[in-house]
Amino acid sequence: MCQIAIYPGTFDPVTYGHIDIIKRAQEIFSNVIVAVAHNPHKKPLFSVQERVAMLKKATSGMKGVEVCEFSGLVVDFAHKHKTKVLVRGLRMLSDFEYEFQMALTNRKLSPDVETIFLMPHESYSYLSAKLLKEAASLGANLSNFVPDFVEKALKKKLKTQP
Ligand code: ADP
C-alpha cells in the first residue's frame with residue numbers, strides 16, 4: 001500500500017481550491033508531498049521559491065504535508081519518493097480533457113504510477129489561479145479565494161510588474 005501521495009502543480013499562487021485538495025489527500029494518505037513545478041513555459045508570476053514559501057505557510061500545521069519544488073518528469077519525482085500515486089484536482093468538465101491527457105501520458109511514461117482525482121468543495125470548483133491574477137490586477141477583494149498573506153503578495157507582485 002502506498003502511504004505517500006504527490007500533489008504536483010504550478011500553484012501560481014496557492015488558492016483555497018488547492019488547499020482543499022491537500023486536506024482531502026491528507027485524509028487518505030499519511031504523507032502528502034506538494035510538488036511545485038518550475039514550469040518556465042507557463043511563465044509563472046511568482047518564482048518557484050516564492051510559490052513554495054506560500055504553500056509552506058498555507059499548510060503549516062497540517063500533519064504529514066510537505067512542500068518542495070521539482071523540475072523534470074513528475075513520474076521520476078514519484079519514483080524518487082518511492083510512491084506510485086499522483087493526486088490532481090478536478091474542478092469541472094473543462095479540466096477533464098487536459099487532466100485525462102496528462103494522466104495517460106504519465107501512465108505511458110511509467111505504467112506503475114496512477115493518477116487519482118479529487119474534487120474540491122463546490123464553492124471552489126470555479127476558482128482558478130489564472131482568473132484570480134486577472135481579478136487581483138483589477139483590484140478585486142480576494143479574501144474568499146486565497147489566504148490574506150497570498151492576497152497581499154499577489155497585489156504587491158502585480159504592482160511591480162511592467
Ligand atoms: P497546473 O498544475 O495544471 O499548472 P495548478 O497549479 O493551478 O495547475 O493546479 C494544480 C492542480 O490543482 C490541478 O490538478 C488543478 O486541476 C487543481 N486545481 C486548481 N485549482 C483548483 C481548485 N480551485 N479546486 C480544486 N483543484 C484545483
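## Who surrounds the ligand

Ala, Val, Leu, Ile, Met, Phe, Trp, Tyr, Cys and Pro count here as nonpolar, Asp, Glu, Lys and Arg as charged, and the others, Gly among them, as polar. By that scheme, the shell around the ligand holds eight nonpolar, five polar and five charged residues. This is a predicted model, in which local features need pLDDT of at least 70 and side-chain atom pairs count only at pLDDT 80 or more, while totals for chains, interfaces and linings use all residues. Residues are numbered from 1 along each chain as its sequence is written, and side-chain values use heavy atoms, with hydrogens and water left out.

The ligand is surrounded by 18 residues, the closest being Tyr7, Thr10, Phe11, Lys42 and Gly89; to be near, a residue needs a heavy atom within 4 Å of the molecule. Strand S1 (4–9), helix H1 (16–28), strand S4 (85–89) and helix H4 (93–109) each give at least two residues to this shell. Helices (H or I, at least four residues) and strands (E, at least two) are DSSP runs, numbered from the N terminus.

## Polar contacts and cover

Let's look at the polar contacts, meaning pairs of N or O atoms within 3.5 Å. A polar backbone atom of Gly89 is 2.7 Å from an oxygen atom of the ligand. A nitrogen atom of the ligand lies 2.9 Å from a backbone N or O atom of Tyr124, and an N or O atom in the side chain of His18 is 3.3 Å from a ligand oxygen. On its own the ligand has 540 Å² of accessible area, and the protein covers 93% of that (Shrake-Rupley method, 1.4 Å probe).

## The largest pocket

The ligand sits in the largest pocket, in the sense that more than half of its atoms lie within 2 Å of the pocket's grid points. A pocket is an open set of points on a 1 Å grid over the protein atoms alone, where a 1.4 Å probe fits, with protein on both sides within 12 Å along at least five of seven lines; lining residues have an atom within 4 Å of a point.

This pocket has a volume of about 1200 Å³, taken as the space filled by probe spheres set on the points. Its lining numbers 46 residues, with Thr10, Lys42, Arg88, Tyr98 and Glu99 nearest the centre. H4 gives the largest share, nine residues. By class, the lining has 21 nonpolar, 17 polar and eight charged residues.

## Two backbone details

Asp12 and Pro13 are joined by a cis peptide bond, with omega about -5°; Pro13 is in the loop between S1 and H1.

Definitions and conventions: Polar contact = N/O pair within 3.5 Å; in protein donor to acceptor, adjacent residues only side chain to side chain.
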